[in-house]
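Here is a short note for a colleague opening this structure for the first time. Please read the points with the model in view.

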Amino acid sequence: MSDPIRGQTAICGLGITEMGKVYGHDASWFAGESIRLAIEDAGLEKDDIDGLLVNPGITGMMGTGISIPLQGYLGLRNLRLLNHMNSFGATASAMVQYAALAVHHGMANYVACIFADAPLQQGGSAGAAYGGAGRRGPTGMASLMPAFGFYGANTSYALAARRYMERYGITNNDLGRVSVAQRRYAVDNPHATMRQPLTLEDYHNSRWIVEPFHLLDCCLVSNGAVCTIVTTAERARDLKSSPAYIWGMGQGHPGNFPHAEIEVGTTSGATVSGETAYRMAGVGPEDVDVCEFYDCYTYTVLRTIEDYGLAKPGEAIGLYPEDPADPEAELPTINTGGGQLSSYYMWGMTPVSEGVIQARGSGGDRQIEKHDIVLCSGNGGTLDTHGTLILSPNAN
Amino acid sequence: MAYDKPLPSPDENTQPFFDGLREHKLLLQYFPSADHYQYPYSDRCYKDWSTDWEWRESSGNGEVYTWVRMHQLYHPSWKEEIPYTLAVVQLDEGPRMNTNLVNVEVDDIRVGMRVKVVFEDVTDEHTLPKFEPV
């Protein structure tokens, strides 16, 4: 039994800017480009936009990210819905969810949901962009972190990954299979930054970041923006591009407390979030055709596959061929644009944007033939926050 | 050579914890109403929201919850150490601590391995709680 809201709302417009090492612009500029592309895609006019939800990436923490002033920058004068949202990597799916609820109940007609970020500086490294360079040193117990040598997000995910790997006997070669499989999809994605094919040997030869993570276990850092426009199914039907109907929505936020009563590494919020979204959509794991999973690290993909019930605990790697670089090897229909590992890192908008493309059937050479049910995940913190969207080309 | 790595910077609330380390004691916050040990410092118990607590000395016993080898250099003082081992230790009292493992070969480290605290007096002013195999 599905919920009555299933298929009643849709993403009717998608704008993806140039991605990656695109210099000379701030996050607002990218946001402006993404909404311009999205209304053009939908066949809308600027004044049709009456809702704006924004999520800055890391530049939001550096003081140069998009926020409420974006309304003035874009000259949006008809807003009936406006907010700055942040549940980290789960935000993109959450923005679409709140927008869908709002349009369904008449609070707005066309809500633009924008993620924009521009942390990369010419001549600077990706690590510098995300490593907290220049931030003030912590005090209190937090000051023990640098004293012990803990730095960066890579460390906390590597710690979670190690626990998962030792528990289930997952090897670095297994993580490499995820990385190589996604790169094969990225080769066919014109939006992707990393399009040269990859082998398992390349994976093993990439430098260590925080063991068990090689460089090629870690997502990219990108400048760019993605805008999705959410409206009712009724309105979406008559617009220029085919809609991605929203079938299911969910969230699950277990938090991350350093205590024995909270397991970290072998669970995530996807379990609760997925159940909620499956119930709304009236589908189960066996119905899913395409997955677009938040893949800040290779490990996160395996964790997410299992939490959505697509494989038993510890068995997600079984969905991947032994050598995904082999052109004869069939790839799982997961992260079909290359994901954050190989295409672009727009936090939760990476899976949402590719999910819209696949649901619409506009994926070109990387399009998955059967794409009736597309499952998208967002994930933030160190598996602390989670959001789910289930998209479909069919209204019902 | 003088110790040049980042040093802890105690604040008003956590000064007793850092004073405890100098005396080679690992102190945890204990909240009696929920019978709950908490770390790192908070002014409120996250179980029952009580604000009534006391410092209690930990047994210092626990097990390796997870661990990694750090290869990235964020601060120049770690240059000679890289790659170095970072770990999360599950204390028997319940809280988990981020720390370093010492007196162990990398190949011998396992999740679940029993460890106990050792106090490293890195300067006259500062002591760090690290862990070694039992």
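1. Buried means under 20% relative accessible area, and exposed means over 50%. With a relative accessible area of 4%, A:Trp347 is therefore buried. Keep in mind throughout that this is a predicted model.

2. Backbone of A:Trp347. Most residues other than glycine have a negative phi, and most peptide bonds are trans. A:Trp347 is not a glycine, yet its phi is positive, about 45 degrees. Look for A:Trp347 in the loop between helix H13 (339-342) and helix H14 (349-360) of chain A.

3. B:Asn103 sits in the loop between strand S6 (96-99) and strand S7 (114-121) of chain B. Is B:Asn103 buried or exposed? B:Asn103 has a relative accessible area of 61%, so it counts as exposed.

4. Cis peptide bonds. One joins B:Tyr39 to B:Pro40, with omega about 0 degrees. B:Pro40 belongs to the loop between strand S2 (36-38) and strand S3 (54-57) of chain B. Another cis bond runs from B:Ile82 to B:Pro83, and its omega is near -5 degrees. B:Pro83 is placed in the loop between strand S4 (61-70) and strand S5 (84-91) of chain B.

5. A:Ser343 has 2% relative accessibility, so it is buried. Its side chain reaches the backbone oxygen of A:Gly339 at 2.6 Å. Which residues does A:Ser343 touch, not counting those up to four places away in sequence? They are A:Asn189, A:His191, A:Ala192, A:Thr193, A:Leu220, A:Gly337, A:Gly338 and A:Thr350.

6. A:Thr266. This residue is in the loop between strand S8 (244-251) and helix H11 (270-281) of chain A. Relative accessibility is 9%, so A:Thr266 is buried. Its side chain makes a polar contact with the side chain of A:Glu263, at 2.5 Å. Leaving aside neighbours within four places in sequence, A:Thr266 is in contact with A:Tyr164, A:Arg167, A:Tyr168, A:Tyr299 and A:Arg303. From A:Thr266 to A:Val290 is 24 residues in sequence and 23 Å in space, C-alpha to C-alpha.

7. In soluble globular proteins, nonpolar side chains tend to be buried together. Here the largest nonpolar core holds 159 residues, and A:Ile114 and A:Ile229 touch the most other members. Helix H4 (residues 91-104) of chain A gives the most to this core, with eight residues. What does A:Ile229 contact, leaving aside its neighbours within four places in sequence? The list includes A:Ala10, A:Ile11, A:Cys12 and A:Gly13. Also in contact with A:Ile229 are A:Ala38, A:Ile39, A:Leu44 and A:Ile49, as well as A:Tyr110, A:Val111 and A:Ala112.

8. Cysteines. How many disulfides are there over all chains? The count is zero. A:Cys296 is in none, and the nearest cysteine sulfur, that of A:Cys219, is 6.3 Å away. A:Cys376 is in none either, with the nearest cysteine sulfur, that of A:Cys291, at 8.9 Å. A:Cys296 is buried, with a relative accessible area of 5%. A:Cys376 is buried as well, at 1% relative accessibility.

9. Where the chains meet. The size of an interface is often given as the accessible area lost when the parts come together. Between chain B and chain A about 3500 Å² is buried, and carbon and sulfur atoms give 61% of this area. In residues, 47 of chain B are in contact with 35 of chain A.

10. The rule finds one salt bridge between chain B and chain A. The side chains of A:Glu261 and B:Lys47 form a salt bridge, 2.6 Å from N to O. On chain B, the elements that give two or more residues to the side touching chain A are helix H1 (15-22), S2, S4, S5, S6 and strand S8 (127-133). S4 of chain B gives the most to that side, with six residues.

Note on methods
Residues numbered from 1 in each chain as written. Chains lettered and ligands numbered in written order. Predicted model: local features only at pLDDT ≥ 70, side-chain atom pairs only at ≥ 80, totals over all residues. Heavy atoms only, no water. Core = buried A, V, L, I, M, F, W, Y, C linked by side-chain atoms within 4.5 Å. Buried < 20%, exposed > 50% of the residue type's maximum accessible area, 1.4 Å probe, protein only. Helix = DSSP H or I, 4+ residues; strand = E, 2+ residues; numbered from the N terminus. Contact = heavy atoms within 4.5 Å. Disulfide = S-S within 2.5 Å. Buried area = accessible area lost by both parts, 1.4 Å probe. Salt bridge = Lys/Arg side-chain N within 4 Å of Asp/Glu carboxyl O. Polar contact = N/O pair within 3.5 Å; in protein donor to acceptor, adjacent residues only side chain to side chain.
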